[in-house]
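Subject: Structure for you to look at

Hello,

Here is the structure I said I would pass on. My notes follow below it.

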Amino acid sequence: MTVAAKIDAPEMETRLVNDPDWWRGAVLYQIYPRSFADSNGDGVGDLPGIIERLPYIANLGADAIWISPFMKSPMDDFGYDVSDYRDVDPMFGTLDDFKQLLQEAHKQGLRVLIDLVISHTSEQHEWFVESRRDRTNDKADWYVWANAKADGSPPNNWLSIFGGSAWQWDTRRLQYYLHNFLRSQPDLNFHNEEVQAAVLDAARFWLELGVDGFRLDTVNFYFHDQELRDNGPNEDLSQLNTAPLSNPYSYQYHTYDKSRPENLAFLEKLRAVMDEYDNRMLVGEIGSEEDPYGLLKEYTEGDKRLHMSYVFDLLSNEPTPDYITQGVRNLYEQAPGGWPCWAMSNHDVKRVVSRLSPEADKRAAASCLLALTSSLKGSPCLYQGEELGWSESEVPYELLQDPYGIEMWPDFKGRDGCRTPMAWRYTEHGGFTSGTPWLPVDEQHIAENVEKQQQDPHSPLQKSIAFLNWRKEIKALQKGAFELIETGHDKVFGFKRELDSETVVCLFNLSNDLAEVHLELLDGCEVLSDNGFSCSLNGSTAQLPAWQAGYFRLNK
Ligand code: BGC
Ligand code: MG
């Protein structure tokens with residue numbers, strides 16, 4: 001009976017509400033664990049470091065954290081090469097640390113998403129160690145093995161994102177194996193049912209511990225064409241989502257090495273596992289050059305596959321009104337039933353303020369872009385440091401850590417510039433570590449450190465806090481319908497969100513100059529304040545100072 005049940009299962013202390021739809025419009029905060037906070041002085045961030053800083057994230061107004069990989073790994077791709085799906089890498093702490101992190105986060109009202117990297121493993125994973133032993137072992141077919149062509153060359157023209165052929169020769173099996181990324185990241189063979197069962201079990205392991213969901217790494221890479229057909233050339237180099245132009249990977253359409261139709265049935269199996277638990281969520285990283293929106297629609301519409309798609313549309317280029325309009329329009333028009341997860345920065349791309357034109361006031365722009373991302377229809381995902389308005393760091397070649405950058409230098413410098421550690425205080429290494437940080441802490445970030453920004457009411461951090469906490473009360477910004485507005489001003493991006501009787505007009509001045517916008521729609525609106533921005537309204541004319549956002553409620 002109820003009393004007995006209570007004694008048997010003491011409730012974990014939590015501030016989370018029971019809502020299967022919690023992720024719609026929720027603010028996600030991405031933590032790159034190596035670079036967040038180091039508790040033990042080894043120069044690498046860790047789980048206890050994150051626990052200490054959870055109040056910072058809760059206070060910011062986030063609803064959930066996504067932690068980039070912390071499972072056991074040789075760290076060739078900094079955790080995106082997993083060697084054990086059921087343990088924490090000692091560099092980051094222990095499984096008990098993770099359990100404590102979950103409990104603490106939930107207590108503070110933060111859900112916890114983890115990165116599930118199952119398209120490939122590390123070459124050190126015991127599955128691969130066994131698989132490469134010979135052609136007859138139990139796991140012989142767990143990875144994608146193929147014979148050489150008669151002339152000894154690789155089976156087809158598939159390329160690795162990190163450079164060169166996607167095929168690596170193995171001297172024991174006298175066969176090639178497939179790797180879409182580093183050659184130490186062999187690709188699992190999802191056509192094998194045992195592989196599917198094994199990765200679903202790995203997911204279950206973390207769900208049992210209580211994680212609230214997964215960010216699915218490279219979710220459209222799970223399957224490959226079993227006939228190993230050659231990819232054809234990419235005829236439209238304007239849509240580059242996965243790799244820069246300096247990378248030959250961009251010169252192919254990846255018809256046969258990813259986004260294969262078999263993936264849909266697997267996603268349904270994974271979703272069914274999620275649905276055995278309450279309030280869990282899947283957000284998949286979908287990188288595709290060819291028909292990305294069709295893919296997204298297939299992956300996210302309905303309630304049998306992914307809950308959300310992590311989209312690339314705002315992750316490259318300068319975020320001008322035209323560019324944002326194009327991304328947003330494509331997505332809402334071509335996948336109207338899908339729910340996007342919007343990001344402007346992450347651990348793989350140049351930080352957004354550094355993609356602005358050189359004369360832009362970066363500090364002011366940061367808050368405006370954060371508000372914009374967090375007001376679109378979808379769920380925003382903010383990357384550590386974005387709330388602080390930080391720029392991309394310059395990491396000299398000698399200090400580069402990212403194998404992708406080392407391979408593609410100098411045109412593409414890799415991903416270290418967005419991965420430099422957090423600067424918490426005005427001390428050596430910004431208080432990130434008492435040791436030597438794995439990447440240098442940026443002097444500019446130390447000058448604009450967290451503690452300093454906490455004391456300055458006009459700092460990007462204080463504006464982010466004001467905005468995100470204000471946003472919690474404006475339900476139309478979380479779940480409302482969306483409509484683009486033609487603002488008549490080339491530097492002002494605008495749209496309308498509408499939920500029940502609440503309509504909010506949102507305008508963003510993406511320039512260093514005062515902007516004036518005339519819209520009939522604004523007539524009779526009330527200016528919403530206390531969100532960290534200032535603007536004014538006179539009849540149907542809104543005045544937005546440089547890099548200010550304006551929110552106007554239509555009174556019916
Ligand atoms: C991650 C990258 C990683 C790659 C391979 C991604 O898209 O975000 O950081 O290198 O997958 O796992
Ligand atoms: Mg550490």
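H5 and H6 are roughly parallel to each other, because their axes cross at an angle under the 35 degrees that sets the limit for that label. The model is a predicted one, so please read everything here as computed from it.

Helix packing

The axes of H5 (residues 193–209) and H6 (residues 263–274) come within 10 Å and cross at roughly 30 degrees. The crossing is right-handed. On the H5 side the contact is made by Glu193, Gln196, Val199, Leu200, Ala203, Arg204 and Leu207, and on the H6 side by Phe266, Lys269, Leu270, Val273 and Met274. By class, eight residues of the contact of H5 with H6 are nonpolar, one is polar and three are charged.

H5 also packs with helix H3 (residues 95–107), at an angle of about 55 degrees and with the axes 10 Å apart. H3 and H5 are therefore oblique to each other. Here Leu95, Phe98, Lys99 and Leu102 of H3 meet Phe205, Trp206 and Leu209 of H5. The residues of the contact of H3 with H5 comprise six nonpolar, no polar and one charged.

Another pair is H9 (362–373) and H13 (residues 460–471), with axes that come within 9 Å and cross at roughly 20 degrees. H9 and H13 are therefore roughly parallel to each other, and the crossing is right-handed. H9 contributes Arg363, Ser367, Leu370 and Ala371 to the contact, while H13 contributes Pro460, Lys463, Ser464, Phe467 and Leu468. Five residues of the contact of H9 with H13 are nonpolar, two are polar and two are charged.

Ligand 1

Which residues are the closest to ligand 1? They are Asp77, Asp217, Glu285, His347 and Asp348, out of 13 residues that surround the ligand.

Serine 354

Ser354 sits in the loop between strand E12 (340–342) and helix H9. Leaving out residues up to four places away in sequence, Ser354 touches Lys362, Ser391 and Glu392. With Glu392 there is a polar pair: the backbone nitrogen of Glu392 lies 2.8 Å from a polar atom of the Ser354 side chain. The C-alpha atoms of Ser354 and Asn317 are separated by 9.8 Å, and these two residues are 37 residues apart along the chain.

Backbone points to check

Where is Asp291 placed? Asp291 lies in the loop between strand E10 (281–285) and helix H7 (292–300). Asp291 has a positive phi of about 45 degrees, although it is not a glycine.

The peptide bond from Trp409 to Pro410 is cis, with omega near 0 degrees. Pro410 is found in the loop between helix H10 (403–408) and helix H11 (443–447).

Regards

Definitions and conventions. Residues are numbered from 1 along each chain as its sequence is written. Chains are lettered from A and ligands numbered from 1 in the order in which they are written. This is a predicted model: local features need pLDDT of at least 70, side-chain atom pairs count only at pLDDT 80 or more; totals for chains, interfaces and linings use all residues. Side-chain values use heavy atoms; hydrogens and water are left out. Axes are lines fitted to C-alpha atoms, for helices over the stretch in contact, and angles run from 0 to 180 degrees between N-to-C directions. Helices (H or I, at least four residues) and strands (E, at least two) are DSSP runs, numbered from the N terminus. Angles under 35 degrees count as roughly parallel, over 145 as roughly antiparallel, 65 to 115 as roughly perpendicular and the rest as oblique. A crossing is left-handed if the near helix is turned anticlockwise from the far one by less than a right angle, and right-handed if clockwise. Contact means heavy atoms within 4.5 Å. Ala, Val, Leu, Ile, Met, Phe, Trp, Tyr, Cys and Pro count as nonpolar, Asp, Glu, Lys and Arg as charged, and the others, Gly among them, as polar. A residue is near a molecule or strand if one of its heavy atoms lies within 4 Å of it. A polar contact is a pair of N or O atoms within 3.5 Å; within protein, one must be able to donate a hydrogen and the other to accept it, and residues adjacent in sequence count only if both atoms are side-chain atoms.
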